[in-house]
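Open the model in your viewer and keep the selection tool at hand. The tour goes stop by stop.

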Amino acid sequence: MPLNFTFALSQQQTFELRCDYGSRRLDKAELATLIDLCEQNYYAQQKDSLPYLTQLGRQLYQWLDGNQGWLRRALDEADEQTILLDLIQTSEAQGLNPQTERVALGLAHLPWELLHDGAGFLIEREDISVLPVRCMQQRQTQVIGVQNRPLRLLFMATSPEGIEPILDFEQEEANILQATKDQPLALIVEESGSVAELANLVKSYPEDYIDVFHLMGHGIIYTQQDHGYLLPKGATLPDNTPCFITEDEVGNLQLTTVNDLARAFRGRWPRVTFLSGCHTGQVPNKGTVPSMAQALVKAGAGIVLGWARPVFDRTGIVAAQALYQALATGATVEEAVKAAQQEMIDKECTDWHLLRMYRDTRPINQLVTALRTRNRERLTFTAPEQEFLDENNLVKVASRFEFVGRRRPLQRCLRALRETSDQIGVFIAGMGGLGKSTLAARLCTRVQTQRDNFARVVLIGPLDEWGLLNKLSNKFERFADVPALLNEPKVSLKGRLQNFFEAIEKEHNQPLLLVLDDFEQNIPTANIEDGSLRMTAEAYKILGAICAALEENGAESRLIVTCRYLKEDTLPPHRLHLERLEQMSSSDIDKICFPLDKEVRQQLRTQRIIHIADGNPRLLKWLLEVIQQPGLAADELLNRLEATEQKFRENILAQTLLDALEPEEQKFLARLSVFHLPVTVEIINAICPSASFLQKLTSLSLVESATTHPTQPVNYRVTTILEPLLESVLSEEEWQATRQQAVRKIHQAWWEESNQKMEAQGLEIVRLGLLAKEQEIAVSIGNGIATYWVNNSRFVEAFDLCEQVLAVYQDYRILRNIGRAEEVLGFVQEAVVHFQQALDLCSEEELITKAALLNNIAGVIAQQGNIARAIALWEQSLEISEQIGDVKGKAATLNNMAGVIAQQGNIARAITLWKQSLQIIEQIGDVEGKAATLSNMAYVIAREHPKSDRTLGAILGNI
């Protein structure tokens with residue numbers, strides 16, 4: 001049982017001390033003198049004198065013991081004792097005179113940790129264990145009891161750039177990881193040092209999931225005189241406010257108060273919080289302002305630890321190591337803090353007495369059970385939900401829970417992506433596997449968290465104008481004007497992009513994060529080998545247009561490029577921040593290895609893997625996953641990797657794993673590789689029934705499961721690095737048969753049987769259909785997409801898609817659509833040729849299409865001035881439409897004829913034709929057609945009668 005000393009306050013503002021043995025009145029003047037003494041000779045010191053600490057501890061002991069000998073009696077009666085200092089009444093009292101208030105608050109300020117009985121400090125005694133605890137808040141709310149599982153520790157280190165003294169946060173993290181690596185606890189690391197990101201992390205876990213929060217960095221007692229320069233312009237803080245120095249999203253300094261931390265946790269406090277920073281347990285302004293630790297308890301935290309003055313870095317590490325070792329193995333919180341105190345003393349940390357413990361009245365004792373408790377949950381690291389950079393789940397990246405390191409690159413890039421930055425984006429370069437795509441994904445997430453109106457578009461690999469416009473149009477297709485702007489005829493690519501960025505930002509309030517991932521695929525192999533690193537002319541033109549459009553618009557939208565190579569003189573003019581990624585630090589590698597069992601971490605083979613990976617996180621994870629697989633000559637593989645240059649080691653690993661597979665397993669991989677989008681097991685079974693190989697191949701990371709949520713059907717795709725290695729696995733006949741089976745199956749699953757057709761899947765069907773020589777599938781789906789694009793003003797995209805199909809098949813449907821696109825894009829002669837070719841290839845049975853083609857040809861010929869021939873063609877089209885009852889086609893033809901005849905000056909005949917068209921349109925309920933026709937009529941009438949006040953209806957009569 002703890003020894004409770006309750007400090008009570010009467011209505012007459014006199015103090016009383018109560019304990020189990022009785023009560024006595026206290027001399028207020030004597031208390032004030034003791035508080036002043038500590039303020040002057042203890043808290044103001046940078047270095048302590050042992051004789052003075054002994055003297056002060058003796059005074060505190062004698063005062064607390066009193067003439068009645070309460071403290072001596074309690075210590076004699078127990079081998080272990082917590083001295084619970086109940087300061088609730090004195091800390092909550094209102095309406096006190098200044099002198100009484102100062103004494104009431106100053107009681108928590110006294111260094112009770114120095115209690116000395118004449119023989120030694122009570123905390124140092126080996127025959128009895130003593131710990132002073134400051135109880136500051138009465139609470140009756142429920143708190144979870146001891147959990148039969150491993151301890152969960154949330155760790156966050158902060159060190160803004162430009163602040164002295166510099167806290168080597170990476171080394172501090174490494175120290176904590178080293179201190180806890182042998183303990184059975186689950187470590188969660190908040191990587192940014194930002195309280196805003198801490199709040200997001202806390203929200204992502206269930207309530208009561210985290211047991212302990214460890215915050216490491218610099219603490220200060222703010223005063224305007226000493227620290228006013230740290231605040232942003234216009235911001236204010238009261239003097240003597242306890243603050244923790246944290247970082248904002250770009251690494252700049254941010255002063256965090258108790259209220260800021262309380263907002264981050266929103267009532268979901270861990271049971272223990274350790275503020276491992278200077279002054280966090282110190283009561284400021286001569287004991288008249290609550291310490292940060294004390295205020296956190298008042299704000300809702302259960303138990304808070306802090307340091308009463310500046311503390312040595314080594315002391316903080318020693319204390320943390322002992323504390324978490326004890327908590328993780330089932331000790332109570334008081335026992336763990338006592339263990340930390342004893343360890344500091346044993347390690348001769350002269351500032352051991354600065355650790356303070358504050359708490360509320362709730363029964364927080366053990367956090368978790370002892371290691372060998374029956375049915376204790378084992379420490380397991382469940383695979384997090386997967387994250388991908390792109391919407392098609394092609395580029396897998398580290399999830400929020402897996403993401404480690406890269407704090408400074410992340411902050412520098414975020415600074416460049418700010419709305420107020422004069423840069424238009426970032427170019428992230430580095431060797432394969434260093435996490436460029438993961439960093440890009442994290443940047444997108446951070447920007448979209450702060451500005452939720454941002455959209456994201458990702459292009460992977462080779463960059464061409466069609467692919468860019470297709471992605472942008474598809475993302476913003478709900479805004480009818482946007483695809484039209486991107487496909488506007490006779491406007492340069494830069495001009496179209498400028499119009500696009502202006503529209504999405506100013507009219508639709510949806511700026512864009514445009515990501516060009518794996519940009520090295522735009523650099524020809526020869527240019528990599530000769531070191532020139534020049535990209536293709538088309539990629540250079542497009543990248544230059546994007547950069548220029550963003551810069552000249554002063555756009556809010558931003559560009560992110562990831563590339564293995566960076567040679568500045570090969571880039572077009574730009575205002576991009578250039579970020580070169582290096583190998584990960586040893587502390588970050590330790591975080592990746594932390595989930596491994598202790599025995600596995602210590603194996604020589606694991607140490608060799610870490611050395612071979614050389615700071616490359618993707619290679620490290622891959623090796624750690626596959627090295628234990630049965631049948632793999634692990635040591636031989638490691639020998640080969642050690643003898644290979646770092647940048648080629650992934651290829652060696654992939655080839656080694658591929659060679660170790662059975663022939664049927666290799667063929668399975670090759671067949672699955674024909675898909676460029678992830679596919680389900682049902683689709684896989686249609687081309688290679690041995691789907692039983694999936695589990696093994698996934699465990700070797702040769703096949704990736706592309707699924708973001710556990711409830712979704714699992715989708716699979718072959719790891720990209722394998723594609724060139726699989727070319728010789730199948731014969732050309734086997735490849736072709738596989739492609740045919742594959743495209744037939746995805747056509748059935750994604751198109752014929754699906755109620756929700758996706759454009760990306762349709763384009764994959766076209767791509768694979770052309771390779772497989774499945775003409776009808778490729779042409780019919782390609783025609784459907786091209787028709788939709790032309791009808792929605794996506795002319796450039798339609799033109800390029802039709803060219804791809806026509807390179808393999810000459811089909812009248814595709815010829816007609818490319819002609820429609822060419823007509824708008826200004827390629828009039830080409831349009832006539834393609835329309836005529838389509839007409840020649842169109843079968844006699846396809847009368848609707850023939851009528852439409854005649855209408856198309858007539859429109860182009862009319863633009864060239866041959867009106868008589870155009871009208872003759874239109875009349876042929878009308879004749880066919882009437883013959884087959886195609887009233888919609890007839891209405892369209894009449895509308896087109898009327899427009900040309902009106903241009904020739906025959907307004908009366910034109911209006912007659914428009915009236916006929918409107919009658920048909922109203923009969924079939926074609927609202928859009930009616931609007932277009934009325935618009936054409938209105939334009940002509942307004943031109944002919946510019947000063948008329950008559951309405952359209954009055955001119956036309958009742959139509």
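## A cavity and its lining

The lining of the second largest cavity divides into 8 nonpolar, no polar and 3 charged residues. Bear in mind that this is a predicted model. To see that lining, select V202, Y205, P206, E207, D208, Y209, I210, F265, R268, W269 and P270. The space they line has a volume of about 80 Å³. How many cavities of 30 Å³ or more are there? The count is 5.

## Zoom out

Show the whole protein chain. There are 41 helices and 24 strands in it. The chain has 959 residues, and 57% of them count as buried. Now think about contacts between residues at least 6 apart in sequence. Of these, 72% join residues at least 24 apart.

## Stop at D360

Select residues 355–360, which form strand 14. D360 is in this strand. Is D360 buried or exposed? Its relative accessible area is 1%, under the 20% cut-off, so D360 counts as buried.

Show the side chains of R139 and R362 next. The D360 side chain makes a polar contact with the side chain of R139, at 2.9 Å. It makes another with the side chain of R362, at 2.8 Å.

Which residues does D360 touch, once its neighbours within four places in sequence are left aside? Select C135, Q137, R139, V297, A301 and G302.

## Stop at D452

Move to the loop between helix 15 (436–450) and strand 18 (455–460). D452 is in that loop. Its relative accessible area is 70%, over the 50% cut-off, so D452 is exposed. D360, by contrast, is buried.

D452 and Q510 are 58 residues apart in sequence. In space, their C-alpha atoms are 9.0 Å apart.

## The second largest pocket

Select R820, N855, N856, A892 and N896. Of the 48 lining residues of the second largest pocket, these lie nearest its centre. The pocket has a volume of about 1500 Å³.

Which helices each supply at least two residues of the lining? Colour these:

- helix 32 (775–791) and helix 34 (812–825)
- helix 36 (847–863) and helix 37 (867–884)
- helix 38 (887–903) and helix 39 (907–924)
- helix 40 (927–944)

Helix 38 gives the largest share, 11 residues. By type, the pocket lining divides into 18 nonpolar, 21 polar and 9 charged residues.

## Along helix 37

Stay with helix 37, one of the pocket's lining helices.

Now select its buried residues: I867, A870, I871, L873, W874, S877, L878, I880 and S881. Look at how they are spaced. An α-helix has 3.6 residues a turn, so residues three or four places apart point the same way. What covers the buried residues of helix 37? The cover includes helix 36 and helix 38.

Helix 37 is followed by G885. The phi of G885 is positive, near 75°.

Methods
Residues numbered from 1 in each chain as written. Heavy atoms only, no water. 1 Å grid on protein atoms, 1.4 Å probe; cavity = no way out; pocket = protein on both sides within 12 Å on 5 of 7 lines; lining within 4 Å. Points joined across faces, edges and corners; volume = space filled by probe spheres on them. Nonpolar A, V, L, I, M, F, W, Y, C, P; charged D, E, K, R; others polar. Helix = DSSP H or I, 4+ residues; strand = E, 2+ residues; numbered from the N terminus. Buried < 20%, exposed > 50% of the residue type's maximum accessible area, 1.4 Å probe, protein only. Polar contact = N/O pair within 3.5 Å; in protein donor to acceptor, adjacent residues only side chain to side chain. Contact = heavy atoms within 4.5 Å.
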